[in-house]
Amino acid sequence: MEQHGNNHPKNVIAIIPARFASTRLKGKLLLKLAGKPLILHTLEQAKRARNVSRVIVATDDEQIFQVVQTSGNEAVMTSPNHQSGSDRIAEVAMTLPENSIIVNVQGDEPLISPRTIEKTVDAILVDETVDISTASEKFETFEDLLNPNVVKAVTDASGFAMYFSRAVIPFPREAVMIAGSLESVRTPFLLSRYKKHVGIYAYRREFLLKFTRMEQTFLEKTEMLEQLRALENGAKIKIVEVDESSIGVDTLEDFERVRQILVSQTVTFREATIEDIQRIAKVHVESWQRSFAGLVPQEFLDNMSVAKRTEDFKKGFSQSSFYKLFIAETLVAGIVGFADFGKSRGRQSFDAELYALYLLPEFQKKGIGTGLFRLCQREMAASGFKSMFLDSLEISPYRKFYEKLGGRIVGEDKHDLAGTEYKTVIYGWSDLGNYE
């Protein structure tokens with residue numbers, strides 16, 4: 001169970017610019033969604049991205065600062081005089097290591113998908129010529145296409161940005177001639193040809209610092225889009241297409257839409273693939289660090305490593321003996337829990353062993369853990385196993401959960417965590433066919 005420090009291929013740091021003042025919905029970042037302030041939902045989504053090593057909220061407001069700090073996350077107070085989010089994150093970036101990748105995640109997007117962040121980051125990690133990476137998605141409605149508040153992106157054949165605009169660009173001349181006006185064009189094929197810009201950016205730190213010192217340009221001032229300043233100054237901006245939409249919260253109507261989505265999140269269960277492993281490792285580390293704080297040595301929690309856990313899960317997948325790994329996920333949050341099992345390791349009286357079952361704290365006490373547990377038991381029974389056991393820390397807050405699911409104490413053991421010995425309790429299930 002020894003863990004080592006995180007090992008990311010690049011120092012990837014997500015910074016969330018967070019102002020309290022907003023034109024249409026004052027104090028929106030502190031409005032409660034599903035029991036917690038909106039800004040914390042955005043922060044947690046950013047932390048779930050597999051290739052992000054650190055998340056910082058950059059704010060000019062003491063209330064936001066305190067909310068983030070109290071939640072156990074990182075916040076930095078910045079100048080109240082910044083004109084844009086880029087300027088605010090640049091102030092923080094100046095204090096960060098050279099050659100870092102800085103990701104600008106908008107604070108008012110509590111539903112932003114971790115996979116959108118991952119794809120944006122990957123685009124800049126794999127190509128050293130990229131100065132900025134960002135994202136686009138497909139348009140779903142003509143109303144959005146015609147809306148000047150929805151930005152359109154134009155790319156070349158290699159996916160690099162040629163232009164961003166509030167106008168419908170490129171202008172569909174022939175379609176307009178046939179329909180009589182732009183507003184009358186309703187061709188689904190035409191709609192599919194346009195790219196809707198997603199407001200997330202990954203910068204090379206040194207380019208970000210240079211960019212925020214540049215003078216505003218004519219195109220930027222005309223369209224009120226600061227990414228045009230970068231294009232006018234020769235920046236290479238890579239645009240990746242993403243599949244999962246987000247909702248920026250600008251109005252009470254937006255807020256209510258997001259609230260309904262969070263309340264009605266559907267959880268699905270499936271067997272994991274090798275592509276899921278790094279996200280599973282992140283859930284494992286985060287659930288330990290948040291659930292066992294104050295119960296086990298902080299040194300142990302601080303040294304838990306996503307990279308190490310990723311390698312351990314890969315070994316499980318590659319081993320020749322029986323092994324299965326299942327996940328619970330939602331459309332918005334992605335993977336929120338997992339459980340894995342295999343042949344018994346050392347207890348002769350039990351056929352199978354449940355190696356781990358972990359959920360992010362905000363998804364506990366919703367029946368998800370029970371769903372994962374029962375899924376594993378059914379799979380064990382279907383694979384010919386008659387009985388199973390698991391090993392739990394004696395101080396674990398989840399022992400009642402195992403007892404409620406029929407586990408009985410059949411023994412004890414011990415584990416060493418950062419040099420401290422802890423007792424463990426062995427729970428057994430002698431008949432897997434009796435726990436439906």
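Helices α4 (114-125) and α12 (277-291) each give at least two residues to the lining of the largest cavity. Helices here are DSSP runs (H or I, at least four residues), strands are runs of E with at least two, and both are numbered from the N terminus. The model you are looking at is predicted: local features need pLDDT of at least 70, side-chain atom pairs count only at pLDDT 80 or more, and totals for chains, interfaces and linings use all residues. Residues are numbered from 1 along each chain as its sequence is written, and side-chain values use heavy atoms, with hydrogens and water left out.

Let us stay with that cavity for a moment. A cavity is a set of points, on a 1 Å grid over the protein atoms alone, where a 1.4 Å probe fits but cannot get out, and lining residues have an atom within 4 Å of a point. The largest cavity holds about 70 Å³ of space, a volume being the space filled by probe spheres set on points joined across faces, edges and corners. Around it you can find R48, P114, R115, R279, K282, V283, E286, A333 and I335. Helix α12 provides the largest share, four residues.

What classes of residue make up the lining of the largest cavity? There are four nonpolar, no polar and five charged residues; Ala, Val, Leu, Ile, Met, Phe, Trp, Tyr, Cys and Pro count as nonpolar, Asp, Glu, Lys and Arg as charged, and the others, Gly among them, as polar. The second largest cavity, of about 40 Å³, has a lining of nine nonpolar, no polar and no charged residues. Helix α5 (residues 142-146) gives the most to that lining, with three residues.

Now turn to the aromatic rings. Rings of Phe, Tyr and Trp (its six-membered ring) pair if their centres lie within 6.5 Å; planes under 30 degrees apart count as stacked, over 60 as edge-to-face and the rest as tilted. By this rule the count comes to 18 aromatic pairs. One of them joins F322 and F385 edge-to-face, at 5.2 Å centre to centre with 70° between the planes. F322 sits in the loop between α14 (306-318) and β13 (323-330), F385 in the loop between α15 (368-382) and β16 (388-393), 63 residues apart.

Elsewhere, W288, F292, F300, F313, F338, Y358 and Y398 form one aromatic cluster. R309 lies over the face of F313, at 4.6 Å from the ring centre; the rule asks for NZ of Lys or CZ of Arg within 6 Å of the ring centre and within 35 degrees of the ring normal.

Technical notes: 1 Å grid on protein atoms, 1.4 Å probe; cavity = no way out; pocket = protein on both sides within 12 Å on 5 of 7 lines; lining within 4 Å.
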